[in-house]
Amino acid sequence: MQIIFTYPTHKHFEWLKTKDHHINKFTLQKKIDDKHIIIAESKGEILGWLRFGLFWDTIPFMNMLFVEETHRNKGVGKKLVQFWESEMQKQKNKLVMTSTQSDEKAQHFYRKLGYSDVGSLTLPKEPLEIIFMKKL
């Protein structure tokens with residue numbers, strides 16, 4: 001399967017708004033405008049997306065990686081992360097970060113991609129949040 005990575009445009013806004021329930025429509029629009037979302041597509045079908053921000057306003061921090069259920073375990077997430085890392089490296093970033101809850105399988109995925117545990121955060125009534133970093 002050939003995957004094309006693109007930055008979303010306004011045509012993707014309505015679709016993303018129905019899928020990404022973690023941010024409001026105003027933040028979503030700003031993320032699109034700032035090119036802080038990457039879409040993975042194949043043959044016109046959206047397979048998933050990656051959304052990021054900046055930790056301490058300097059270090060790219062992946063906030064969301066989502067792959068549609070029918071496309072999971074096929075390398076789409078890995079390729080999305082690798083494309084994002086490549087884009088961040090082109091922008092002269094030397095580090096990238098992400099996090100996941102300790103009760104999620106994603107922690108093993110990030111470690112396989114070369115991310116190292118660098119800390120954790122405990123929020124009330126939430127599982128431990130593991131912070132990961134990777135040198136580019």
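Tutor: Let's start with a term. A salt bridge here is a side-chain nitrogen of Lys or Arg within 4 Å of a carboxyl oxygen of Asp or Glu. Keep in mind that this is a predicted model.

Student: Okay. How many salt bridges does the structure hold?
Tutor: Eight.

Student: Why would such side chains pair at all?
Tutor: Side chains of opposite charge can pair when their charged atoms come close.

Student: Give me one. What does Glu-14 pair with?
Tutor: Glu-14 forms a salt bridge with Lys-17. Their closest N and O atoms are 3.3 Å apart. Both residues sit in helix 1, residues 10–19. They are three residues apart, about one turn of the helix.

Student: Is Glu-68 buried or exposed?
Tutor: Buried. Its relative accessibility is 15%, and the cut-off for buried is under 20%.

Student: One more pair. What does Glu-69 do?
Tutor: The side chain of Glu-69 meets that of Arg-72 in a salt bridge, 2.9 Å from N to O. Glu-69 is exposed, with a relative accessible area of 58%. Arg-72 is partly exposed, at 33%.

Student: Let's switch to the helices. Which residues of helix 1 are buried?
Tutor: His-12, Phe-13 and Leu-16. Seen down the axis, the buried residues of helix 1 fall within an arc of 120°, so they line one face of the helix.

Student: What covers them?
Tutor: The cover includes helix 2, strand 2 and strand 3.

Student: And helix 2? Which residues are buried there?
Tutor: Helix 2 covers residues 25–33, and its buried residues are Leu-28, Lys-31 and Ile-32. They span an arc of only 100° around the axis, so they are on the same side of helix 2. They pack against helix 1, strand 2, strand 3 and strand 4.

Student: What happens at the ends of helix 2?
Tutor: Asn-24 caps the N-terminal end. A side-chain oxygen of Asn-24 lies 3.0 Å from the backbone nitrogen of Phe-26. Following helix 2 comes Lys-35, with a positive phi near 60°.

Student: Now the strands. Why is strand 3 called largely enclosed?
Tutor: Strand 3 is residues 45–55, and eight of its 11 residues are buried, so the rest of the structure largely encloses it.

Student: What are the partners of strand 3?
Tutor: Strand 2, residues 37–42, runs antiparallel to strand 3, and six bridges join them. One example is Ile-38, whose bridge partner is Leu-50 in strand 3. Strand 4, residues 59–67, is also antiparallel to strand 3, over eight bridges. There Gly-53 stands opposite Phe-61.

Student: How many residues sit in the hairpin turns?
Tutor: Between strand 2 and strand 3 there are two, and Lys-43 takes a positive phi near 55° in that hairpin. Between strand 3 and strand 4 there are three, and here Trp-56 has a positive phi near 55°.

Student: What about strand 5? Which way does it run against strand 4?
Tutor: Strand 4 and strand 5 are parallel, paired over two bridges. Met-62 has Thr-98 of strand 5 as its bridge partner.

Student: Last one. How many residues of strand 5 are buried?
Tutor: Six of the seven, residues 95–101, so strand 5 is largely enclosed by the rest of the structure.

Conventions: Residues numbered from 1 in each chain as written. Predicted model: local features only at pLDDT ≥ 70, side-chain atom pairs only at ≥ 80, totals over all residues. Heavy atoms only, no water. Buried < 20%, exposed > 50% of the residue type's maximum accessible area, 1.4 Å probe, protein only. Helix = DSSP H or I, 4+ residues; strand = E, 2+ residues; numbered from the N terminus. Pairing = 2+ DSSP bridges. Arc of directions from axis to C-beta. Contact = heavy atoms within 4.5 Å. Polar contact = N/O pair within 3.5 Å; in protein donor to acceptor, adjacent residues only side chain to side chain.
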